[in-house]
Amino acid sequence: MAVRLDYVMRETGSNLARNFTLTFAAIITVAVSLTMVAASFLIGQGINNSFLGLRSEQRLFVYMNPTATEDQTDAVSKALDDSGQADKVEFYDRERTFEEFQTLFRDQPDLINSVKPEDLPTSFRVKPKSTDAEIVSSLGDSLESLEGVKQVAYAAEYARDIQRSVTTLNRWVQFTGVILIAASVLLIFNTIRTAVFARRREIEVQRLVGARNWFIRMPFIAEGLVHGLFGALLAAGGALAFNTLWKRNFVEQVSFELLNQIRWDTSDVVMSVIIVFIVGAITGAAGSGVAVSRFLRI
Amino acid sequence: MIKLENVTKVYKGEHVALRDASVDIDKGEFVFLVGPSGSGKSTFIRLLNREERPEKGVIHVAGKDIGALPGHKVPDLRRNVGAVFQDFKLLPSKNVQENVAFALEAIGRPRSAIREAVPQILDLVGLSSKAKNMPDELSGGEQQRVSIARAFVNRPLILLADEPTGNLDPATSVGIMKLLDRINRTGTTVVMATHDRGIVDTMRRRVIELDNGRIVRDQVRGVYE
C-alpha cells in the first residue's frame with residue numbers, strides 16, 4: 001500500500017495555497033537564513049584557502065640590534081650557512097628595510113617622515129630547508145643566542161595570530177547562520193502548525209478511519225520541504241550574488257589588504273549551493289514533521 | 001467480538017468515567033448503551049477504538065488486547081471499527097462522494113476500488129442522487145447517512161455509534177435506525193450509545209445501562225428502563 005503521489009501533491013498544493021502569506025514568509029526566512037549559511041561557508045573556505053599558504057610557510061625573520069656591528073652580522077650570516085638548514089637567505093640592509101617600511105606604511109606619511117633608515121634594524125629573511133616546526137624553531141633558538149641578534153620572529157606565528165582573529169569573525173558569522181536556521185525552523189514549524197490546525201477535522205477523520213500517521217504526515221512534510229527547497233532556490237541566488245559582490249568589492253580591489261586575501265573558487269560556490277539545498281530540505285521536512293507529530297499522538 | 005474485563009477509566013486522575021466494567025458482546029450483536037449524560041457511554045465507545053486507554057482492566061476487540069496494542073497498530077484496529085457521531089464530522093469542503101472516498105483514500109485504497117465502492121455504499125444509504133451535493137446542502141438525516149456510509153464503506157467488523165440520532169427529529173431517526181439495523185444484518189456488530197427511549201423500546205435489542213460509570217443492567221431484548 002503506497003501513498004499515492006497525486007494525493008500528496010493535491011493535499012500539499014491546497015495547503016500551500018491556503019496559507020499563502022505564511023508560506024511566503026517561511027520561504028523568505030529560509031532564503032535569508034540559508035544565504036547567510038552560504039556566505040559564512042564561503043568566507044570560511046576563503047579564510048582556509050588564504051591561510052593555507054601562510055600556515056605551511058615556515059619563515060624566519062632574524063632581526064639584528066640597531067647597534068650590531070658588521071662582525072656580528074657576518075657571524076649570523078656564517079652561522080646560517082654553517083647550519084646547513086637555510087634554503088634561502090636574504091639580507092635586508094637599512095635601505096631595503098626602509099623601502100619595505102615605506103610600502104607598508106604608505107598610508108601614514110607622518111610615521112614615514114619621522115623614521116630614518118638608520119633607526120631601523122637590519123634583518124635576515126630565512127627560508128629553511130625543512131618545514132618541520134621543531135627544526136625551524138631550534139634553528140631560530142641557536143640564532144637568537146648569537147650576539148647582536150635582537151629577536152627571531154616566525155612567519156607562521158604571525159599567520160596564526162591573524163588566522164585566530166579571522167576565525168573568531170568566521171565563528172560569529174556561523175553563529176548568526178545557526179540562529180537564522182533556528183528561526184526558519186520555528187517559522188516553518190509555525191506555518192505547518194497553522195496548516196494542521198486548519199485541517200484538524202480532516203486529520204481527526206483520517207485517524208478515525210484508520211489512516212497511518214505517516215500517511216497523514218506526508219502532505220505536511222511535503223509542504224515543509226517545498227518551503228525549504230524554494231527558500232534554498234532563492235538562497236542559491238543569494239550565494240551567487242554574494243560571490244559576485246565579494247569578488248567585485250574586495251578580491252578585485254587591491255586596497256583591501258586583508259579581505260582580498262579571502263577568496264574561494266567555483267567549486268566552493270557549487271558546494272555552498274549544495275549545502276544550502278541540503279540544509280533547506282532537512283530544515284523544512286524536520287520542522288514540519290515535528291509540528292504535525294504533536295497532533296498525531298494516539 | 002468485544003470483551004471488557006474489569007475495565008476502569010479515570011480522567012485526569014479523579015473523574016471516574018467507567019468503573020470495573022465487564023461485558024461480552026458477540027459477533028453480529030446489536031447493543032444499546034443507555035444511561036444519563038456523564039454515565040460513561042461515550043467513554044465506553046471511545047475505549048473500543050482506542051481513542052482512550054483504560055487505567056485498569058483488559059479490552060479485547062476482534063481477539064486482540066487493544067490496550068496493549070502499540071501505536072502503529074492502532075490504524076489497523078480502526079479499519080475494523082467504524083464510528084459514527086452525533087455531529088456527523090463531515091468535511092464541509094468536500095461533497096458527499098468525496099467525503100466517503102476520503103475514508104478509503106486515507107487507508108491507501110487504490111482508485112479503482114474507491115470508484116467501485118463509493119457508489120455502492122451511497123446506494124445502500126439511499127443517497128445516490130446526492131453524490132455531488134455539499135454537506136451544507138443536506139438535511140441532518142442525510143448528513144448522518146453520509147457519515148454512516150463513510151464509516152461502513154470499508155466494511156468494518158464493528159460499527160460504533162455515539163448518539164447518532166441525537167440531533168435528528170424522530171421521523172428521521174427511524175430512517176437512520178433502519179439503516180443501522182440493515183448494516184447489523186450483514187453481520188456487523190453495532191454498539192450504539194443513545195438517549196432515545198422510543199428507539200430502544202421499539203427495537204428491543206440488548207440494552208446495557210450505565211450509571212455513574214457502572215454497568216447497572218445488561219438485558220437481552222431490553223427496553224430503555
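Reply: Happy to! A word on terms before we start: a residue counts as buried when its relative accessible area is under 20%, as exposed when that value is over 50%, and as partly exposed in between. Please keep in mind that this is a predicted model.

With that cut-off in hand, let's begin in chain B. Asp181(B) has a relative accessible area of 14%, so this residue is buried. Its partner is Arg185(B), and the two side chains meet in a salt bridge with an N to O distance of 2.9 Å. Arg185(B), by contrast, is exposed, at 63%. Both belong to helix H6 (residues 170-185) of chain B, and because they are four residues apart there, about one helical turn separates them.

Across all chains, the whole structure holds 21 salt bridges. Another one is found in chain A, where Arg125(A) pairs with Glu100(A), with 3.0 Å between the closest N and O atoms. Arg125(A) sits in strand E3 (residues 123-128) of chain A and Glu100(A) in helix H4 (residues 94-104) of chain A, so this bridge ties together parts that are 25 residues apart in sequence. Arg125(A) is buried, at 7% relative accessibility, while Glu100(A) is partly exposed, at 28%.

Next comes a pair formed by Glu204(A) and Lys89(B), whose side chains meet in a salt bridge of 2.9 Å, N to O. This pair crosses between chains: Glu204(A) lies in helix H8 (residues 200-208) of chain A, and Lys89(B) in the loop between strand E6 (81-85) and helix H3 (96-106) of chain B. Glu204(A) is partly exposed, with a relative accessible area of 32%, and Lys89(B) is buried, at 13%.

Chain B also has a network of salt bridges, which links Lys9(B), Arg46(B), Glu51(B), Glu52(B) and Glu55(B). For the setting, look at the open sheet of chain B, where four strands run in the order E2-E1-E4-E5 with antiparallel pairing. Strand E2 (15-25) and strand E5 (64-65) of chain B each have a single partner strand, so they stand at the edges with one side lacking a neighbour in the sheet. Strand E1 (residues 2-11) and strand E4 (residues 56-61) of chain B pair over five bridges in the antiparallel sense, and Leu4(B) stands opposite Ile59(B) in E4(B). Helix H1 (residues 41-48) of chain B packs on this sheet and touches E1, E2 and E4 of chain B, its direction making about 120 degrees with that of E1(B).

Definitions and conventions
Residues numbered from 1 in each chain as written. Chains lettered and ligands numbered in written order. Predicted model: local features only at pLDDT ≥ 70, side-chain atom pairs only at ≥ 80, totals over all residues. Heavy atoms only, no water. Pairing = 2+ DSSP bridges. Helix = DSSP H or I, 4+ residues; strand = E, 2+ residues; numbered from the N terminus. Contact = heavy atoms within 4.5 Å. Axes fitted to C-alpha atoms, helices over the stretch in contact; angles between N-to-C directions. Salt bridge = Lys/Arg side-chain N within 4 Å of Asp/Glu carboxyl O. Buried < 20%, exposed > 50% of the residue type's maximum accessible area, 1.4 Å probe, protein only.
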